[in-house]
Amino acid sequence: MKLRVNGKDVSAQDPDRSVLEFLRDDLGLTGTKYGCGEGQCGACTVLVDRSPVRSCITPLGAVADREITTIEGLESDGQLHPVQQAFLDAGAMQCGYCTAGMILSCVSLLDRHPHPGEEEARRALNGNVCRCGAYPRILQALRSVSTGGRHA
Amino acid sequence: MPERERYELLEKPAYHFETERRDVLKLFAGGGLLVLIPHSAAAQESGRARGAWRGEPLPDAVEAWLHIGPDGRVTAFTGKVEVGQNSRTALTQAVAEELRVAPGQVEMVMGDTARTPFDMGTFGSRTTPTMAPRMRAAGVAARQALIELAAQHWGVNPATLEAADGCVRDPKSGRSAAYGELTHGKAITRTIGKEQVSRPRSESVPKVNARDIVTGAHRYPSDIMRPGMLYGKVLRPRAWDADLVSVDVSAAPKTGGATIVRDGKFVGAAAPSVSAAARALASVKADWNTPAGPSNSEVFDYFKRNPAGPAEDAVRSGDVASAWQQAAHTVEGHYTVAYIAHVPLEPRAAVAEWTPNGLTVWTGTQRPFGVREELAGAFGLDVKKVHVLMPDCGSGYGGKHTGECAIEAARLAKATNRPVKVVWTREEEFRFAYLRPAGLIEVRGATSSDGKLLAWEFHNYNSGPSGLATPYEIPHQLIAFHPTRSPLRQGSYRGLAATANHFVRESHIDDIAAASGVDPLEFRLRNLKEPRVRAVLEQATERFGWGREKSGPGRGFGLACGMEKGSFVANCVEIAIDPGSGKVRVRRVSTAFECGAIVNPDHLKNQVEGAVMMGIGGALFEAIEFEGSRITNPALSRYRVPRFADLPELSTVLVNRRDLDSAGAGETPIVTIAPAIRNAILAATGKGLRALPLAPAGLSGANRPA
Ligand code: FES
Ligand code: FES
């Protein structure tokens with residue numbers, strides 16, 4: 001079967017294997033993380049046709065012919081995506097293990113709602129765990145993109 | 001050497017393998033390989049005594065800590081590791097400030113046993129008070145050496161030269177030489193003496209490798225790949241201490257390239273993919289013997305009935321026994337604290353590779369040198385043959401002191417003669433890593449008629465002795481720690497038992513204040529002399545607006561304060577109780593924190609707020625449930641951690657004492673959030689809860705607002 005990952009065509013064999021395992025182990029795209037394996041933490045979030053998907057519980061068969069974006073695919077021409085830049089500016093991490101999933105979840109939220117309210121943002125991100133508790137800064141990063149500002 | 005605390009590094013290596021291999025190799029038709037080794041109980045046992053504490057003095061040669069390349073770039077070496085507490089940035093700042101270079105000029109090599117000086121481990125908030133001054137001293141010595149080199153070169157008095165921006169300058173002649181030109185990449189051979197180091201500049205330098213994190217480029221331990229690498233999985237029972245009785249590998253798949261390895265009680269598989277390794281293991285039939293033990297509801301009784309050593313008095317002063325007679329108010333309480341899990345978002349992970357010279361392992365650990373020793377012990381190697389590297393990992397919180405995952409990867413790699421990666425699943429992390437100890441704490445406190453604390457008796461069973469001593473002025477005290485047996489594997493956790501001991505102390509102080517009819521803040525100030533605790537208490541209450549509004553049904557205000565490991569913290573909290581569900585929501589938290597001179601204000605705020613967030617979980621809902629040694633909620637879907645929905649409005653006051661040495665800050669900000677929440681519930685409902693977590697399923701009906 002075929003799929004597209006970060007704009008490139010790739011082929012995969014086993015439709016039952018998880019997208020997460022395939023991305024990390026076969027394609028070496030290790031920016032996507034394992035945190036729970038049951039769709040509970042969001043560390044493995046990738047975008048499938050721009051919607052956030054938990055790659056740990058998504059079999060490859062479900063994404064055949066679809067377009068997958070991982071954290072490695074957000075930069076364009078060496079330019080960080082505005083959400084990546086906002087995370088940098090806000091220092092929105094400690095260990096950073098949740099960061100890729102957080103960034104992709106924010107990207108897709110902003111894609112759907114360019115100006116999410118506080119409650120809406122919290123609800124949309126509630127499936128993403130940051131065990132280090134950098135939540136206030138992640139919201140701050142999101143807010144700085146949605147209001148167009150770059151203030152930390 | 002920092003004082004050893006109970007539960008800091010308590011756990012011993014989980015495995016020991018025979019050193020003389022008698023591997024029986026059998027090739028399956030499909031290429032699968034089976035390695036069978038007879039079990040040796042004695043070897044397994046002796047392994048448990050190894051890997052204990054061992055210290056080595058810090059080297060005093062500058063070259064062990066710093067190197068300046070011909071291009072002027074500085075490489076600094078430390079055995080400390082980065083687990084999200086931003087020690088990489090903090091230590092970079094220490095070196096950069098003393099060497100007078102930009103932080104971007106410094107590369108910090110951390111936790112690499114072949115390149116960095118020995119270090120016992122990253123725990124106990126020791127990086128800032130011990131490692132940063134060491135790096136600073138090395139920086140000062142190197143700077144002095146560079147100045148002397150330039151002085152020699154120019155034939156001038158070194159005292160007339162200065163160092164700035166990576167150069168030595170002669171202000172008189174205007175000459176200047178870059179560091180790289182002075183050393184030409186040669187080592188700086190000088191001994192660190194009693195260098196006069198400066199206080200940190202308190203600059204908010206951004207996390208040094210943040211860009212690699214937002215792009216996904218940073219390789220965490222679980223991301224390491226090696227050529228020809230296989231993926232390993234280990235056969236697990238359902239309880240951490242279950243004993244393997246029998247195992248049958250005859251149904252192992254003949255295809256898929258999996259190797260099944262059995263060595264004593266160890267059974268694992270390595271295969272070209274994780275799923276193939278898992279399939280191979282699923283075919284193995286095993287019988288386990290699980291020892292009986294108490295459940296989470298029975299464990300507190302169990303602690304009292306199962307001492308593991310004599311009680312250790314922490315404080316004994318005055319005459320507690322006779323003080324009760326003179327008391328105006330006496331309040332007694334039994335408190336309990338549940339086992340909780342660290343849940344580092346990145347589980348344990350290791351990649352092991354055998355080379356003709358020995359063993360190399362990349363793994364996420366707070367003790368790379370400790371893991372090196374565990375590996376050496378498990379495989380009967382000289383520590384010099386074992387190289388452990390620790391890439392900045394997905395957090396630890398005290399939960400990654402042990403090397404079992406590294407040993408597993410190394411065992412599989414040895415059998416297959418290929419590099420092997422083992423990444424624990426979340427379930428394995430819950431079941432087989434260690435937990436923050438549960439505890440039973442019995443306390444009695446009394447005031448005299450002038451409203452001052454008179455007597456205090458405090459017995460902690462199992463939870464641990466950290467933070468036992470009270471900051472309050474109390475003439476008669478008896479405080480003891482009672483070690484007990486534990487049905488679950490337990491060990492370090494951010495703040496250790498200071499969280500449990502503060503929970504009980506600060507809850508009980510509120511109960512005593514209530515019994516004496518005094519406002520909790522007023523009561524504390526009346527009984528506290530320590531100016532640094534008073535200062536954070538005053539700052540937190542001022543920021544919060546303490547006393548401006550009154551608690552009532554459904555809404556409560558609480559506070560708590562304390563000190564631990566040389567830093568000081570106070571929290572004020574507002575909670576709301578949902579009338580329907582009884583769910584407690586923390587709406588607002590003000591924290592004041594003081595740890596001497598601040599290294600990096602932005603990162604400190606991040607740490608403090610993160611600790612508060614993490615503390616909310618242990619305060620309100622986190623708890624390991626178990627039957628005997630079998631954990632029954634080993635999944636994120638059944639073990640709730642704080643999420644965005646739990647985030648309160650946080651305001652944080654950082655008290656910068658530039659006149660004092662810096663203390664660590666990764667742990668102490670977690671210790672008073674639970675009692676502050678508990679006291680807010682008390683204020684709202686009149687009910688003083690005495691168990692952590694306080695309200696995993698919401699408050700009971702009677703305590704809900706009408
Ligand atoms: S790893 Fe997929 S949601 Fe946690
Ligand atoms: S930064 Fe560590 S889990 Fe979010």
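This is a short tour of a predicted model, stop by stop.

**Stop 1: the domains**

Start with chain A. Colour domain 1 (2–73) and domain 2 (82–148) separately. Their C-alpha centres lie 20 Å apart. Where they meet, domain 1 of chain A gives 16 residues to the contact and domain 2 of chain A gives 14 residues.

**Stop 2: helix 1 of chain A**

Select residues 19–26 of chain A. Seven of these eight residues are buried, so the helix is largely enclosed by the rest of the structure. Then step to Gly28(A), which follows the helix and has a positive phi near 70°.

**Stop 3: Asp49(A)**

Move to the loop between strand 3 (45–48) and strand 4 (51–54) of chain A, and pick Asp49(A). Most residues other than glycine have a negative phi. Asp49(A) has a positive one, near 45°. With a relative accessible area of 38%, Asp49(A) is partly exposed.

**Stop 4: the largest nonpolar core**

Which residues touch the most other members of the largest nonpolar core? Select Phe87(A), Ile138(A), Tyr339(B), Val573(B), Ile575(B), Ile624(B) and Ile677(B). The core has 145 residues. Helix 16 (residues 601–620) of chain B contributes the largest share, nine residues. Another core, of 36 residues, lies apart from this one; Leu99(B), Val101(B), Ala142(B) and Ala145(B) are among its members.

Zoom in on Val573(B). Beyond four places in sequence, the residues that Val573(B) touches include Phe544(B), Phe557(B), Val586(B), Val589(B), Ile673(B) and Ile677(B). Arg588(B) is also one of the residues touched by Val573(B).

**Stop 5: Ile340(B)**

Go to the loop between strand 15 (329–337) and strand 16 (349–355) of chain B, where Ile340(B) sits. Is Ile340(B) buried or exposed? Its relative accessibility is 1%, so Ile340(B) counts as buried. Show what surrounds it: among the contacts of Ile340(B) beyond four places in sequence are Leu435(B), Arg436(B), Tyr493(B), Ile624(B) and Tyr639(B). For scale, draw a distance from Ile340(B) to Pro227(B): their C-alpha atoms are separated by 38 Å.

**Stop 6: the largest cavity**

There are eight cavities of 30 Å³ or more. The largest holds about 600 Å³ of space. To find it, select Gln85(B), Gln607(B), Ala665(B), Gly666(B) and Glu667(B), which lie nearest its centre among the 40 lining residues. The lining divides into 14 nonpolar, 22 polar and four charged residues. Helix 3 (87–99), helix 4 (127–154) and helix 16 of chain B each supply at least two lining residues.

**Stop 7: two backbone details in chain B**

Pick Asn86(B), in the loop between strand 4 (74–78) and helix 3 of chain B. Its phi is positive, about 65°, although Asn86(B) is not a glycine. At 3% relative accessible area, Asn86(B) is buried.

Finish at Pro693(B), in the segment after strand 29 (691–692) of chain B. Most peptide bonds are trans. The bond from Leu692(B) to Pro693(B) is cis, with omega near 0°.

Notes: Residues numbered from 1 in each chain as written. Chains lettered and ligands numbered in written order. Predicted model: local features only at pLDDT ≥ 70, side-chain atom pairs only at ≥ 80, totals over all residues. Heavy atoms only, no water. Core = buried A, V, L, I, M, F, W, Y, C linked by side-chain atoms within 4.5 Å. Buried < 20%, exposed > 50% of the residue type's maximum accessible area, 1.4 Å probe, protein only. Helix = DSSP H or I, 4+ residues; strand = E, 2+ residues; numbered from the N terminus. Contact = heavy atoms within 4.5 Å. 1 Å grid on protein atoms, 1.4 Å probe; cavity = no way out; pocket = protein on both sides within 12 Å on 5 of 7 lines; lining within 4 Å. Points joined across faces, edges and corners; volume = space filled by probe spheres on them. Nonpolar A, V, L, I, M, F, W, Y, C, P; charged D, E, K, R; others polar. Domains from an automatic or database assignment.
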